[in-house]
Amino acid sequence: ADIFTYDPGFTSTASCESTITFIDGDKGELLHRGYPIDQLAEKSHFLEVCYLLLYGELPSAEQLEDFEGRVTKHTMLHEQMQYFFRGFRRDAHPMATMVGVVGAMSAFYHDSTDIADPWQREVASIRLIAKMPTIAAWAYKYSIGQPFVYPRNDLDYAANFLHMCFAVPAETYEVNPIVARAMDRIFTLHADHEQNASTSTVRLASSSGANPFACIAAGIACLWGPAHGGANQAALEMLREIGSPNRIPEFIERAKDKNDPFRLMGFGHRVYKNFDPRAKVMKQSADEVLDLLGIENNPTLQVAKQLEEIAVKDDYFIEKKLYPNVDFYSGIILDAIGFPTSMFTPIFAVARTVGWISQWKEMIADPAMKIGRPRQLYVGATRRDYVDVEDR
Ligand code: CMC
């Protein structure tokens with residue numbers, strides 16, 4: 001009989017070769033195409049990082065302009081896609097709406113679904129990156145009962161997203177450049193993270209040759225879970241529930257209690273065992289953004305910082321190598337910008353789309369590509385004969 005390695009959660013199985021993102025979990029290092037994430041977050045911007053992830057090199061000024069132009073050209077949604085939003089209940093979670101609407105894109109763009117054609121792959125990639133902010137913003141607008149706001153192509157990627165979320169017809173809305181920069185940095189920090197659950201989902205779904213828009217919808221579904229992208233919403237809700245520093249020990253004790261399912265949300269990572277470099281940038285960014293927006297003594301940020309301080313000195317967290325991850329501080333910035341917690345994971349999805357697409361393109365072009373098909377260790381009943389219902 002075949003012998004298989006049993007590896008639940010794929011903790012030690014490499015599913016592919018990749019040249020896109022490198023993580024050294026012990027050192028707390030994250031590189032995209034060789035470039036450290038902290039340098040990209042500080043010096044680059046989201047669309048440039050998109051180019052880097054998709055094509056492997058930083059663009060020349062001309063290449064960047066061309067790429068930004070191509071993305072900008074595709075920000076509009078097909079007018080009929082509005083009916084998909086309108087078909088949902090207003091209280092639907094925006095992630096639910098996004099799974100549906102992005103899946104529906106497969107029915108709208110027949111000219112970019114043949115994955116055997118490199119040109120169609122390119123168009124599908126650009127469409128997804130360009131339209132995802134519009135889809136997330138419209139899911140939000142619909143949920144609060146406001147009219148959809150069309151993209152403004154004179155604005156950059158992050159500023160346009162803020163415009164579509166916060167502009168109200170008949171009122172002037174000026175995008176605050178500090179807020180736009182913070183938004184862009186959040187996108188950059190979430191752009192890719194090698195073979196995480198949602199990316200592996202996209203790869204697995206696509207390995208059958210499935211429609212790319214449907215595969216990205218599968219990635220969105222996977223990202224939604226609280227152990228993955230849903231942790232940013234859960235982390236802020238947890239920090240709010242803790243409410244004040246004197247309640248921190250109670251929650252730390254709960255997180256350590258084996259009989260309590262509670263976990264510190266925004267803490268721990270499968271790969272990072274020292275620190276998450278994205279969390280470091282995010283923490284610094286939270287300080288800067290709140291400062292620049294004139295928000296003083298934000299109680300949630302205070303609880304977050306003290307919680308981190310106490311947890312990293314606690315034996316349980318030291319022994320299990322649990323540190324704040326990217327989701328721990330991002331919610332504080334998003335909250336300061338004005339987003340409700342339900343929009344945190346959709347924002348993660350907007351940013352991660354380029355990672356999903358880059359990994360998808362890499363997989364399709366890889367001659368070693370095969371359909372993904374894990375094996376199992378069967379532990380159920382052995383062969384037995386069917387018994388008629390009256391004899392059971
Ligand atoms: N709070 C308390 N204990 C924890 C936590 C936590 N946040 N995370 C892990 N542990 C414990 C866990 O109970 C286990 O203990 P034991 O060995 O005694 O059974 C040990 O640490 C190892 O945990 P694990 O669940 O086996 O580790 P994993 O690699 O399968 O899970 C994780 C990684 C991120 C899912 C997990 O740390 C977790 O659930 N964290 C909270 C949710 C979260 O913040 N997710 C965001 C991940 S980063 C970005 C993203 O993907 O969105």
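Trainee: What should I keep in mind about the model and its numbering?
Mentor: It is a predicted model, in which local features need pLDDT of at least 70 and side-chain atom pairs count only at pLDDT 80 or more, while totals for chains, interfaces and linings use all residues. Residues are numbered from 1 along each chain as its sequence is written.

Trainee: How many residues surround the ligand?
Mentor: There are 20, the closest being Ala231, Arg263, Phe267, Gly268 and Arg270, where a residue is near if its C-beta atom, placed from the backbone, lies within 6 Å of the molecule.

Trainee: Changing topic, which residues does the UniProt annotation "active site" cover?
Mentor: The unreviewed entry gives His269 and Asp327, though such annotations may be inferred rather than shown by experiment. They are spread over 59 residues of sequence, yet they cluster in space, with a largest C-alpha distance of 10.6 Å.

Trainee: Is His269 buried or exposed?
Mentor: His269 is buried, because 23 other C-beta atoms lie within 10 Å; buried takes 20 or more such atoms within 10 Å, exposed 12 or fewer, and partly exposed falls in between, with C-beta atoms placed from the backbone.

Trainee: And what is His269 in contact with, beyond its neighbours within four places in sequence?
Mentor: Those partners are Asp276 and Asn325, contact meaning that the C-beta atoms, placed from the backbone, lie within 7 Å.

Trainee: What about Asp327, buried or exposed?
Mentor: Asp327 counts as buried, with 29 C-beta neighbours inside 10 Å, and leaving aside neighbours within four places in sequence, Asp327 is in contact with Ala231, Asn232, Ala235 and Gly266.

Technical notes:
Contact = placed C-beta atoms within 7 Å.
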